[in-house]
Amino acid sequence: KASAVVRSIKAGLGTDQTGVAIERLISNTLEAQGHRPISRQKATQLPSVYDPEFIQADADLSQIAVGLASSRSGRLCFYGPPGTGKTAYGYWLAQQLELPICVKRASDIMSMWVGGNEKNIANAFKEAESDGAILMLDEVDSFLQDRRGAQRGWEVTMVNEMLTQMESFSGIFIASTNLMTGLDQAALRRFDLKVQFDFLSPEQALGLLCRHCVDLGFDLPSEELKTLVTRLGHLTPGDFAAVLRQNRFRPITSCETFVSALQ
């Protein structure tokens with residue numbers, strides 16, 4: 001019967017798509033049986049110009065990587081405005097340590113069912129433990145709110161479950177948030193290190209622009225453009241990434257157009 005199903009899929013989709021279809025079939029079957037589906041998450045490709053030197057943080061990010069490479073264990077909290085490089089640094093860290101990374105967002109954790117949040121939190125830690133992966137939870141403010149302001153029972157049990165899992169997890173756990181205020185105080189004490197990510201300094205913004213110009217084959221910025229970029233303010237690595245994404249359908253043809261897009 002199984003071979004007949006495979007032949008039917010191959011006939012309908014062709015050889016190229018057969019593997020994908022079978023993988024999806026197996027994954028859906030596992031999930032229906034209450035097991036973890038086949039993970040299709042792949043490591044996000046960092047830009048070729050990625051360098052932690054172009055992240056404005058209140059800690060030495062390269063030194064953190066060296067320390068974690070030795071200990072292989074730690075609980076870190078990254079906080080700061082959107083686009084400042086919190087998630088990208090997590091991916092870079094995984095590359096440096098040659099570890100897989102399991103990234104979960106609030107939408108992956110929050111559930112409409114009673115007890116679902118706690119179950120999903122436990123499963124996220126279990127998955128990372130099983131894969132020997134760095135676990136990174138984005139938007140952690142969604143499920144680590146201060147229990148003193150809780151109005152529903154599940155808000156308390158969700159934080160309790162998170163604290164329990166953090167305590168027992170033996171690997172590297174990273175929580176990232178745009179909103180540091182309002183997080184549970186007991187949770188904050190559980191983190192070994194809290195790192196603030198901020199907007200690029202003028203020197204970093206200019207250096208990142210020059211790095212992109214070289215990568216794209218553009219002339220380096222003129223003195224006028226250098227002055228303009230250093231005066232923009234509130235630039236983030238995410239802004240540069242957004243310009244590069246636009247380049248796919250609205251070509252950036254020179255340093256001048258790159259700066260114009262940043263503006």
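Buried means under 20% relative accessible area, exposed over 50%, and partly exposed in between, with a 1.4 Å probe and protein chains only. These legends describe a predicted model, in which local features need pLDDT of at least 70, side-chain atom pairs count only at pLDDT 80 or more, and totals for chains, interfaces and linings use all residues. Residues are numbered from 1 along each chain as its sequence is written, and side-chain values use heavy atoms, with hydrogens and water left out.

**View 1**
A pair of aromatic rings is described by the distance of the centres and the angle of the planes. Here, rings of Phe, Tyr and Trp (its six-membered ring) pair if their centres lie within 6.5 Å; planes under 30 degrees apart count as stacked, over 60 as edge-to-face and the rest as tilted. Searching the whole structure gives nine aromatic pairs. In one of them, F78 and F197 have ring centres 5.1 Å apart and planes at 50 degrees, so this pair is tilted. F78 sits in strand β2 (residues 74-79) and F197 in strand β6 (residues 193-198), so the pair ties together parts that are 119 residues apart in sequence. Helices (H or I, at least four residues) and strands (E, at least two) are DSSP runs, numbered from the N terminus. Both F78 and F197 are buried.

F197 also pairs with Y89: the ring centres are 6.4 Å apart and the planes stand at 55 degrees, so this pair is tilted. It links distant parts of the chain, with Y89 in helix α4 (residues 86-97) and F197 in strand β6, 108 residues apart. How buried is Y89, in relative accessible area? Y89 is buried at 0%, and F197 is buried with a relative accessible area of 0%.

**View 1. Helix α9 beside helix α11.**
Two packed helices are described by the angle between their axes and the distance between the axes. For this view, axes are lines fitted to C-alpha atoms, for helices over the stretch in contact, and angles run from 0 to 180 degrees between N-to-C directions. Helix α9 (residues 202-216) packs with helix α11 (residues 237-246) at an angle of about 25 degrees, and their axes are 11 Å apart. That makes α9 roughly parallel to α11; angles under 35 degrees count as roughly parallel, over 145 as roughly antiparallel, 65 to 115 as roughly perpendicular and the rest as oblique. The crossing of α9 past α11 is right-handed. A crossing is left-handed if the near helix is turned anticlockwise from the far one by less than a right angle, and right-handed if clockwise.

On the α9 side, A205, L208, L209, H212 and L216 make the contact, and on the α11 side P237, F240 and L244 do. Contact means heavy atoms within 4.5 Å. By class, the contact of α9 with α11 has seven nonpolar, one polar and no charged residues. For these classes, Ala, Val, Leu, Ile, Met, Phe, Trp, Tyr, Cys and Pro count as nonpolar, Asp, Glu, Lys and Arg as charged, and the others, Gly among them, as polar.

**View 2. Helix α9 against helix α12.**
The axes of α9 and helix α12 (residues 255-262) come within 11 Å and cross at roughly 135 degrees. That makes α9 oblique to α12, and α9 passes α12 in a right-handed crossing. From α9, L209, H212, C213 and L216 meet C255, F258 and V259 of α12. This contact of α9 with α12 has six nonpolar, one polar and no charged residues.

A124 belongs to helix α6 (residues 116-131) and counts as buried at 3% relative accessibility. Residues up to four places away in sequence aside, A124 touches K104, I109 and L135. Between A124 and K104 the C-alpha to C-alpha distance is 7.5 Å, and they are 20 residues apart in sequence.

D138 is placed in the loop between β4 (134-137) and α7 (153-168), and counts as buried at 8% relative accessibility. Beyond neighbours within four places in sequence, D138 is in contact with T87, V103, K104, R105, A106, F143 and S176.

Most residues other than glycine have a negative phi, and most peptide bonds are trans. Phi of R72 is near 55 degrees, a positive value in a residue other than glycine. R72 is in the loop between α3 (61-71) and β2, and is partly exposed at 38% relative accessibility. H234, not a glycine either, has a positive phi of about 55 degrees. H234 lies in the loop between α10 (223-232) and α11, and is exposed with a relative accessible area of 59%.
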